[in-house]
Amino acid sequence: MKSLEELKAIRDRMQNKVIIREGGAEKRIVVGMATCGIAAGARPVLNTFVEEIAKRNLTGTVEVGQTGCIGMCRFEPIVEVFEGDQRVTYIYVDPAKAKEIVEKHIVGGQPIVEYTIGAAEK
Amino acid sequence: MKELSLNILDIAQNSIHADATFVQILLDETDRTLELAIIDDGKGMSEEFLSRVTDPFSTTRTTRKVGMGLPLLKLAAEQTGGSLVIESRERASHPFDHGTRVTAFFYKDHLDFTPLGDVISTVVSLVQGSENVDFLFRHSLPGKLVELDTRDLREVLGEVPLSSPEVLVWIRESLEEQYGEGE
C-alpha cells in the first residue's frame with residue numbers, strides 16, 4: 001500500500017495553496033460527464049486535465065470540474081473553459097487535444113479556435 | 001459502453017445526484033464471475049419510479065426524456081447470462097435507512113462479457129467530481145484485494161481537498177500499486 005506518509009507530505013505542501021485557492025481560481029475547466037459524455041470518451045479527457053494540472057503545478061489557479069448533459073450529446077466529449085465572463089466550448093475532445101488545450105489555452109492564454117464548437121458549426 | 005468501468009462511473013453519478021454522502025463500489029470477482037454492487041445512502045427512489053427505472057424512457061435528467069445509464073448496465077449483465085437487481089428505499093418513507101443498491105452479476109467467460117477496463121480511472125473521476133461524497137472502493141479478485149476508503153484519506157488530509165490534483169495522482173498510484181502488474 002502506498003504510504004500515508006506520502007499523503008501527509010502532499011497535505012503539507014498543499015496547505016499553502018489551499019489558502020490561495022480561496023481567492024478563487026483564475027480559470028475553470030468543465031468536462032461533460034453524463035452518460036453521453038462518458039460513452040464518447042470523457043473519462044480519459046478528465047483524467048488528462050487532472051494530471052496536467054498536477055504536473056504543471058497549476059492547482060489553485062486552475063480548477064477542474066464536471067457537469068452533466070448539456071443537450072449537445074453529438075459533440076461529446078465537450079469541455080468548457082471559463083475565465084472571467086468568457087467561455088470557450090471545445091468539442092470532440094480527446095486526451096491529446098486536452099493536453100494541447102492546457103498548453104496553449106490554459107498556460108498560453110490562446111484558445112484553440114479550430115477545436116471549438118464555433119469552428120464546427122461554420 | 002466499451003468497458004464496464006464506464007458503466008460503473010455512470011451509475012455512481014446517479015448516487016451522487018441522489019445526494020449520497022457515502023457510496024460503496026464493491027467488485028467481487030472469481031475466475032468465472034463478476035459481481036458488482038453500487039450502494040449509496042442517497043434519497044432513494046419511489047416504488048413507482050423503481051418499477052420503471054430500467055426503461056430507457058425513465059430519467060431524472062431535465063435536458064431530455066431518455067436515460068440510458070441503468071438500461072445499458074442491465075443489457076451488459078444480461079447479455080452474459082447474468083442479471084441486474086435494483087433495490088431502493090426512499091428517504092420520505094425511510095428517513096433513517098434510505099438509499100439505493102444496484103447489483104449486477106456477470107459471467108466473464110461469456111462471449112458478450114464487456115471487460116472491466118480501467119476501473120482506476122473511474123474511481124479517480126468519481127473522487128474528482130464530488131468533494132463532499134466519501135467512497136469505499138473494494139475489488140476482491142482471486143488472491144488479491146484492492147481497497148480505497150476516502151474517509152481514511154480525509155483524516156490525513158485535514159482541510160486539503162480530496163479532489164486536489166496532487167491527491168488524485170496519489171490515489172491513482174496507490175490503486176495501481178495494489179493491482180500490481182498487468183492492470
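In chain A, four strands form an open sheet with mixed pairing, and their order is β2-β1-β3-β4. This description, like everything that follows, refers to a predicted model. The edge strands of this sheet are β2 (62–67) and β4 (86–90) of chain A, each of which pairs on one side only. From one strand to the next, the twist averages 20 degrees. Within the sheet, β1 (residues 27–32) and β3 (residues 79–83) of chain A run in the antiparallel sense and are paired over five bridges. One residue to look for here is Val31(A), whose bridge partner in β3(A) is Val79(A).

Followed along the sequence, the elements of chain A come in the pattern α-β-α-α-β-β-β-α-α. The C-alpha trace of chain A spans about 50 × 35 × 20 Å along its principal axes. Of its 122 residues, 37% count as buried.

Apart from its neighbours within four places in sequence, Val31(A) is in contact with Ala42(A), Val45(A), Leu46(A), Phe49(A), Gln66(A), Pro77(A) and Val79(A). In soluble globular proteins, nonpolar side chains tend to be buried together. The largest nonpolar core in this model has 78 residues. Those with the most contacts inside this core are Val31(A), Phe49(A) and Val79(A) from chain A, along with Ile8(B), Val123(B) and Ile171(B) from chain B.

Strands β1 (residues 22–29) and β2 (residues 33–40) of chain B pair in the antiparallel sense, and seven bridges join them. Here Glu29(B) has Leu34(B) as its bridge partner in β2(B).

Glu147(B) counts as partly exposed because it has 14 C-beta neighbours inside 10 Å. Not counting residues up to four places away in sequence, Glu147(B) touches Phe137(B) and Arg138(B). Ser5(B) lies 142 residues from Glu147(B) along the chain, and the C-alpha atoms of these two residues are separated by 16 Å.

Helix α3 (residues 69–78) of chain B is mostly covered, with seven of its ten residues buried. The buried residues are Gly69(B), Leu70(B), Leu72(B), Leu73(B), Lys74(B), Ala76(B) and Ala77(B). Both chains take part in covering them: the elements involved include α2 (35–40) of chain A, together with α1, β3 (83–89) and β4 (99–107) of chain B.

Attention can now turn to the meeting of the two chains. In total, 33 residues of chain B are in contact with 30 residues of chain A. On the side of chain B that touches chain A, the elements giving two or more residues are α1 (4–17), α4 (119–129), α5 (150–157) and α6 (165–179) of chain B. The largest share, ten residues, comes from α6(B). By class, the residues on this side of chain B divide into 14 nonpolar, twelve polar and seven charged.

One helix pair shows this meeting in detail. Two packed helices are described by the angle between their axes and the distance between the axes. For helix α3 (residues 42–55) of chain A and α6(B), the axes come within 8 Å and cross at roughly 115 degrees. The crossing of α3(A) and α6(B) is left-handed. Val50(A), Glu51(A), Ile53(A) and Ala54(A) from α3(A) meet Pro165(B), Glu166(B), Leu168(B) and Val169(B) from α6(B). This contact of α3(A) with α6(B) has six nonpolar, no polar and two charged residues.

Terms used. Residues are numbered from 1 along each chain as its sequence is written. Chains are lettered from A and ligands numbered from 1 in the order in which they are written. This is a predicted model: local features need pLDDT of at least 70, side-chain atom pairs count only at pLDDT 80 or more; totals for chains, interfaces and linings use all residues. Two residues are in contact if their C-beta atoms, placed from the backbone, lie within 7 Å. Ala, Val, Leu, Ile, Met, Phe, Trp, Tyr, Cys and Pro count as nonpolar, Asp, Glu, Lys and Arg as charged, and the others, Gly among them, as polar. A nonpolar core is a set of buried Ala, Val, Leu, Ile, Met, Phe, Trp, Tyr and Cys residues joined through C-beta atoms within 7 Å. A residue is buried if 20 or more other C-beta atoms lie within 10 Å of its own, exposed if 12 or fewer, and partly exposed in between; C-beta atoms are placed from the backbone. Two strands pair if DSSP finds at least two bridges between them. Axes are lines fitted to C-alpha atoms, for helices over the stretch in contact, and angles run from 0 to 180 degrees between N-to-C directions. A crossing is left-handed if the near helix is turned anticlockwise from the far one by less than a right angle, and right-handed if clockwise.
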